[in-house]
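Reader: I'd like to learn how to read helix packing and nonpolar cores in a model. Could you walk me through it?

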Amino acid sequence: MVQERSVSSRLGSTLVGRKDDVGQLDHLAREARRGRASSVVVTGPAGIGKSALLRAFLDGDSCRHATVLHGRCEESASGDSLGGVRALLAPTAQRTAPGSPARHALTPGAPADGPPHAPAVQRVFHDLYRLAAGELSRRPLVLALDDVHHCDELSLHWLDFLLRRADGLPLLVVLTQRAEAAVLARGAPVRRALADVTARRTTTLRLRSLTEADVAEVVRQFFPAPAAPAFVARARAVTGGNPRLLERLLCELRAEGVGSGVGGADRIAEAGPRVLAHWARELLDRWPPWVGEVARAVAVLGEQDADRIGPLTTVPVDVVEDALTVLREAGVLTPGRRLADDVVHAAVLAPLDAQALAELRTRAALLLSDAGRPAEDVAAHLLPLPSVSEPWMPGVLMEAAARAEARGAPEAAARYLYRVLEADPGSVEVRVRLARALAETDPSEAVALLRGALAPSVGIRTRARIAAQFGTTYLAAREGPAALSMLEDVLAALDTELGPDPLPADRDLRTLVESVLLIVGSHDRGTIAATRKRAAAMTAPEGDTRAQRQKLAAMAVLTALDGQAPEPAVTYALRAVCCPQPPPKSWSLINSAIVLGLADRTDDALHALDRLLSHGRENSAIWTYSAALSVRALLLHGLGALPEALADARAAVQVSGAERWGEMMVLPRVALAGVLVDRGEATHAEELLAGTGPAWREQYVWTHHRYLMAYGRARHALGDAEGALALFRECGRSLEEAEVRHAAYLPWWAEAACVLAELGRAEEAEEPAAHGTRLARRWGTPRVLGLAAMARGVATPGEEGVELLGEAVRELSASPARIDHARAELLLGQALLAAGELRAAREHLRASADLGQRCGALALGQKARGALLAAGGRMRKMTGSPLDLLTGMERKVAGLAAGGARNRSIAQSLHVTVRTVETHLTNAYRKLGVSERAQLAAVLRSPGVRGAQAPHQASRPRGQR
């Protein structure tokens, strides 16, 4: 034991964050001066600042007029009888006569002998009491004993003896104790003695962690320059507000020459783990070995249930509870189920070698398996093992993979299946399941796995299923035409194997292979024509199974691209989407949505895509999700819903761009570029398209021609009419080579006719206009008929041309194509203006400008406004404000929300439901690219903001956030 009276603070001249605690001690000291004797135990985990608080209190005004006797108990002398009392009273006893009883009792080596109730011990207790009473007769007395958890039993019994006789005396006993140390002493005589002391008028003062403001004050004491908020926040996060850990961290940073700025905040990520690991090792070395054993079991098992942890250790269950309490009190365990930090986790497991750790993990897995825990809980302990060599392990991993797939977590399923494949590399089943899990996240790897599964020994039915999976995965992997020839070979082998009258299951398997063959063949420019002829010779299935619906959708899109009347293709598409369940790979919904969109069945198309997006989110189907977002963006763009199309396209670019296959998915960038052109951002659109490699677009029907159209429209908007015309003509030539003859699918002919008319080459415009008119009359929807009339109108001079443009306006106004309608109004207004019919021109130019602005097509709207002003009309300037992106109700709701109104009050003021308010707010957030009300208010307050900003975080499928 040592006597200690130093009161200097470890963290500078001012004790930080303990004002209230010191105030409580001061209050107890004042009460003691009034004769209300009491005791107080200051407790908390190691490093929380108990001793510093005690020194600050003893050095304060409350103790200035009292006798302060301060001592500390040392761990090494815990068996020294009356050692704690000696640390407190020895200086006072030295002032008594040399032969006084108290002085003799406190002489080292001459302790009282026997239990507390023994006569000799009681005589010593009375002698020491008289010594303390003598001090109390002169002045109030404060007895402060630090680290009382190391104190000897007799000293604690004497303190209890003193407090029982101290009523009416000005006495305050202050004890400090590590919270976890009290548990370590559980059942020991010292713990019982301490309980007796604290049973009488005792206050327990548990010290809390430092707040962020406290940490900022400590940082100011270490560093002269103002601290960056990020530095303070990270320092507190790493240390948990523990003063000793904080001091160590700051000392280490200062020794490295690191300041408290933003750079210092980055260095905390390196220094913090070292400090935490050292601290964890210190604690474990200080505690008995059984605490470390339990800590290692918790680190492996990830639980704090003593009944589960006990079998992993050699520690009795009741002692396990003590160890868990020690770890919680010390802050090593969080209130939840895990260790406080990854580095603490590593420090706890550091004493184990690789073999011991593997054995512990294996025992943990068996324990959880025997307890009936879910397979994924068990598999979590198998994944880190060097090998899954036990016979029961692959089965658990396979079950865990199935559960992960069912909950929409393909990455987790893949992790489990990779370990199984290590144990059984020749398993076809494992390869196929792993390829299915990787199809959306790593299609190239999935294709490689499927190739490996197609061994000659595999039966034809299994090969057929693998080939179908290979075909749809190949579309994401962009691996070349190998899938088509494989599917044709498998289809021929199936016919040979199954014969003319196969069983229903075999017929459905053949239908599945046929559907995938049609899907794959329809994507390649070199095979689409032959594939369409193949589809035309097929009998359409009823649509009773998923395979049949997938085949119907493929036949629908191939039939539609032939450009004949839409009814057969629409019938196939509607039958394909009739089932409420999303089909595998969701090609039924994608192809059907494309066909329904071409036929102006936009509500049906959007419903199919919404189902697909919901399926993608719930199952982490990232490739499908990105593709569906892109297709929906294209459809919404055609409808003139540019804000919604912009949000979808940007989200698709962001989601796909985060994946390793992102460069191979061109459609999101093409969709975004098309929207940007109409929003007046052609330069940005061109930059986006210029970064698209030709290797990933030229081969594929669905991307190559859309790329040419979007690029041509961007060049036209930038003033390069000849370059745009060349791109439009290349699009037409390529479509003709592929025998795609659909008027609405990429109407390059309408774009080319308009560009030629602008260049003053109306005669040349007649050819593409005539071509488009032939196609439009075959398909016959208002949109294509309106586009054909518009193309003929710009190619026809004089009154006849005006009449044709009027026809275009009427047809397009009856279609869902709002931007095309606005464009026709602009062309008609310009033609009327050239003919000198100013009043009629103003009417159509105003309609065009209004439509363009409502759609978000700022480039077209501003062009129409310019022509309107030239015709003598008046219209306020289009600012490109974010408000222009919102509907009237969205604008009202967003404005009220930005002003601080809550959803319920907004609903009441607008006489709508809260759900309606939530829907409008969600739409406003998506259009403006914000995620909370504070950001909403900032965007709406910003003058002249150019449209919606990119979202801070795109909505991603579940499991990818």
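This is a predicted model: local features need pLDDT of at least 70, side-chain atom pairs count only at pLDDT 80 or more; totals for chains, interfaces and linings use all residues.

Reader: Are H10 and H12 roughly parallel or roughly antiparallel to each other?

Author: Two packed helices are described by the angle between their axes and the distance between the axes. Here, the axes of H10 (residues 229–239) and H12 (residues 262–286) cross at roughly 15° and come within 9 Å. Angles under 35 degrees count as roughly parallel, and H10 and H12 are therefore roughly parallel to each other. Their crossing is right-handed.

Reader: Which residues of H10 and H12 make the contact?

Author: From H10 come Ala230, Phe231, Arg234, Ala235 and Val238, and from H12 come Gly264, Ala265, Asp266, Ile268, Gly272 and Leu276. Sorted by class, the contact of H10 with H12 has seven nonpolar, two polar and two charged residues.

Reader: Now the cores: which residues have the most contacts inside the largest nonpolar core?

Author: They are Phe231, Trp287, Val294, Tyr745 and Trp749, in a core of 255 residues. Helix H31 (residues 622–639) gives the most to this core, with 11 residues. A second, separate core has 40 residues, among them Val121, Leu128, Val148 and Leu156.

Reader: What is Tyr745 in contact with, leaving aside its neighbours within four places in sequence?

Author: With those neighbours set aside, Tyr745 is in contact with Leu561, Leu598, Val701, Trp702, Arg706, Leu735 and Val740.

Technical notes: Residues are numbered from 1 along each chain as its sequence is written. Side-chain values use heavy atoms; hydrogens and water are left out. Axes are lines fitted to C-alpha atoms, for helices over the stretch in contact, and angles run from 0 to 180 degrees between N-to-C directions. Helices (H or I, at least four residues) and strands (E, at least two) are DSSP runs, numbered from the N terminus. Angles under 35 degrees count as roughly parallel, over 145 as roughly antiparallel, 65 to 115 as roughly perpendicular and the rest as oblique. A crossing is left-handed if the near helix is turned anticlockwise from the far one by less than a right angle, and right-handed if clockwise. Contact means heavy atoms within 4.5 Å. Ala, Val, Leu, Ile, Met, Phe, Trp, Tyr, Cys and Pro count as nonpolar, Asp, Glu, Lys and Arg as charged, and the others, Gly among them, as polar. A nonpolar core is a set of buried Ala, Val, Leu, Ile, Met, Phe, Trp, Tyr and Cys residues joined through side-chain atoms within 4.5 Å. Buried means under 20% relative accessible area, exposed over 50%, partly exposed in between (1.4 Å probe, protein chains only).
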